[in-house]
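Hi,

Here is the structure I said I would pass on.

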Amino acid sequence: MSQVPKVATASPYEILSSIFGYKSFRGHQESIIEHTLNGQDSLVLMPTGGGKSLCYQLASIVRPGCGIVVSPLMALMKDQVDSLLQYGVAAAYINSSLDFDQIKNIQAQLLSGELDILYVTPERILTPFFLELLTKAQICLFAIDEAHCVSQWGHDFRPEYVKLNILRQNFPNIPMMALTATADAVTKNDIIDKLALQNAKSFVSGFDRPNIRYHITLKKNAKKQFIDFYNNEHRGDAGIVYCMSRKKVDKTASWLQELGIKALPYHAGLDNQTRQRNQETFIAEEGIVMVATIAFGMGIDKPNVRFVAHLDLPKGIEAYYQETGRAGRDGLPANAWMAYGLGDLIILKKMIESNDADEEHQKIEVRKLDSILGLCETVRCRRDVLLNYFGEKQTIKCNNCDTCLTPVESWDGTVAAQKALSCVYKTGQKFGVAHLVDVLVGNDTTKVFNFAHQNLSVFGIGSDFTSQKWHSIFRQLIAAGFLRINMELFGSLQLTAKSAQILKGEQKIDFRIDPKVERPSKKKAKAKKAKGTKTKRAPTQKSYTNDPALFDALRALRLKLSKRRRIPPYAIFHDRTLMEMIELRPSNLEELRELYGVGDSKLKKYGKIFLEALQTGVS
Ligand code: ADP
Ligand code: ZN
C-alpha cells in the first residue's frame, strides 16, 4: 500500500502545518497528542468530525515507530489510508480485502520500520500470529477506534473488542488511545475497564455540532416535504436519507432516480457486492444521495455530506445524534432534517415488542423512543434538548435549529387534553388514535356505531378542531407521558399515572402549533423533475461560495484527478480548500500553500494544476 518513505520526526505543530496544512490544533488535540507522546493512556471522547483521527495520526508520525490503529470498519481504513498517502504519510491497512502477497508485503514494511500508521481489524490483531508479529516490530501506540464497541451498553457491541485488553497485557509500555463519539458515563467507564487502560486520562470535548442545523417537521406528505427541502437547499449535494425499512429504501431510491437525482439504495437485504459498490460510489463520486437503513453510515468518513434526512422516526436520540452526526464533518454548514409521524411510532413499537429481547431491554428501547418523540414535539431549542440528553447544558438559544429560527407557537391545551383523556377513558382504553379522533370530532363511522360510541358524552365534543389537530394533540400527550401506547392491545391508548393531574385540572399543558407544510407548486415540481441535478444552487444556507460555477469547475477537476488515482475526491482537497481558493484566489504556490488543508505533499502533487484551473476557470 505504502510507496512513501517514512516521514522524518518533527514537533507536532510542525507536522500539523507541513503535512496536514492546518494552522492550529482543535480543542484537546494538542494535549492528547502530548499525553500520548509521553507514553500515557488516554480516552478521547469527541463528537463525529471533532478531529479524533488526527490525534493518533499525528502522534504516530511524531513518535518513533508505527502506530497501530484498530478499527472495525474496512471502508474507513481504506479511506483514511488513501487520504494519508495523499498527505505523504506512510500508511497502510491490512484486512480481508487484500490478497496474501499484499498482506505479506505490508507485514514486511511494518517489520522494517517503513510504516508510520497501520490500520488493522480487531479480529486480525487478536490472532496469535499477528500478536507475535507486533512483538518484532517497533510500535509507538495503539489507537482503538470506535472504542464504545467494547461496551454492551452501547449500540454497536462487538465481542472481539473485549479481548483487546490483551494488548495492554502484552505491551505494557506502549501508550493506548481509545477513541469514541459515544458519550454516556457507563460506556466511558466500560471502555477504561474492558480495555484495561492504565491511569487513563479522559479528554472529553463538548458534544455540540454547531454547524449542523436541526429541522424536524411533521409528516404530511413526506416525499413532497423532502424533495422541497432537497431542491431548496441541497441540489447536487451529497447526503444520506434514512428510512425505516428496506422496502422503503428501495422505493425511495427509485423515486429519487426517476427525478433525475443520483440516488443509491443501501440496506442489509442487498447482496454484498451491490452494497459495497454503492458505498464506494457514495465515497468516490460527488453529489450522491444514499438512501439507507441504519445499516449504512458507521465508518463513513466522507467530510462533505451536506445533509442527513430522516424520512422516518429514528429509534432514539442516541441513534439520531449519531446518524445526523455524519453530516458536515468538515465543519461547513450542514442540515439534519426529519419528517416524523405517529405511524412511525407504532411501527417502531411493534418492532420492539416482536424482537426476542427481554422485557427490561424492551423497556429501554421504548424509553429511547420516547426520548426522540420528546425532541420532535418540544417547544424548546432542539440543540438544547439534544445536549441535555447527553448531560450538557446550554443556556442560550442556538439560533441554528428550527425552533430557534422560527419560534414555536404554542397554545394552552389543557381543556383539549381533558377532552382527549376523557375520550380514552370513556371508550375503555381499548382504542387507537384514529378511532378516538373519530369519536371526538363526531364522525359516524361503522366502528363508532358498532361500539355505540355515538351515545357517549364525549362523542363530538371535539368537533371544533380538525382530525389532524386531534392527532397532533394525542401525539403530544404521548410524548409528554400523559398517555401510553399499549402494544398488546393493538396500539390502543391508555391513561398513565400522570393523566389524573390533567383530568383534575391540577396541571396545565401547552401544545405546539405545528407550522403549515409548504407544498411545492405543481409547476415548480415539474420544472425540477425535468432538469436533473445540474441546476443552479438556491441562495440558502448552503451558498457558501460566491462563485458556484468556479466551485463546480474545481470540483470537476478534483473528481477527474481522484478517478485517475482511484481515491475519494476529498482525499485530494476538501470542499473548504476549494472554497478558500475561490475566495482568496492564490496566484502562486506560496499563496496556495497558505490555504486550509494544503500541506507540502499536496502542494507538490496538485498545486500547479489547481492554480491553472483558477486562472482559466475551467477544468
Ligand atoms: P473524527 O474522527 O473525530 O470524526 P476527523 O479526524 O475525521 O474527525 O476530523 C474531521 C475533519 O476535521 C477532517 O476533515 C479533518 O481533516 C479536519 N481536522 C481535524 N483536525 C483539524 C485541525 N486541527 N484543523 C483543521 N482541520 C482539522
Ligand atoms: Zn436552537
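Let me start with what faces outward: Lys 247, Lys 251 and Glu 258 are exposed on one side of α12. Before going further, bear in mind that this is a predicted model.

Helix α12 runs over residues 246-258, which makes 13 residues. From first C-alpha to last it reaches 18 Å, close to the 18 Å expected at 1.5 Å a residue. Its buried residues are Val 249, Thr 252, Ala 253, Trp 255 and Leu 256. Viewed down the axis of α12, these buried residues fall within an arc of 165 degrees, so they line one face of the helix. Just after α12 comes Gly 260, with a positive phi of about 85 degrees.

- A nitrogen atom of ligand 1 lies 2.9 Å from a backbone N or O atom of Ser 24.
- In the side chain of Arg 26, an N or O atom is 3.1 Å from an oxygen atom of the ligand.
- Gly 51 has a polar backbone atom 3.0 Å from an oxygen atom of ligand 1.

Taken alone, ligand 1 exposes 560 Å², and the protein buries 89% of that.

Is Asn 95 buried or exposed? Its relative accessible area is 1%, under the 20% cut-off, so Asn 95 counts as buried. Asn 95 is found in the loop between β3 (91-94) and α5 (100-111), and its side chain joins that of Ser 97 in a polar contact of 2.6 Å. Leaving aside neighbours within four places in sequence, Asn 95 is in contact with Met 74, Met 77, Ile 103, Thr 121 and Arg 124.

Glu 123 lies in helix α6 (residues 122-125). With a relative accessible area of 44%, Glu 123 is partly exposed. Its C-alpha atom is separated by 53 Å from that of Ser 410, 287 residues apart along the chain.

Cheers

Conventions. Residues numbered from 1 in each chain as written. Chains lettered and ligands numbered in written order. Predicted model: local features only at pLDDT ≥ 70, side-chain atom pairs only at ≥ 80, totals over all residues. Heavy atoms only, no water. Helix = DSSP H or I, 4+ residues; strand = E, 2+ residues; numbered from the N terminus. Expected span 1.5 Å × (residues − 1). Buried < 20%, exposed > 50% of the residue type's maximum accessible area, 1.4 Å probe, protein only. Arc of directions from axis to C-beta. Polar contact = N/O pair within 3.5 Å; in protein donor to acceptor, adjacent residues only side chain to side chain. Areas by Shrake-Rupley, 256 points an atom, 1.4 Å probe, with all protein chains shown as cover. Contact = heavy atoms within 4.5 Å.
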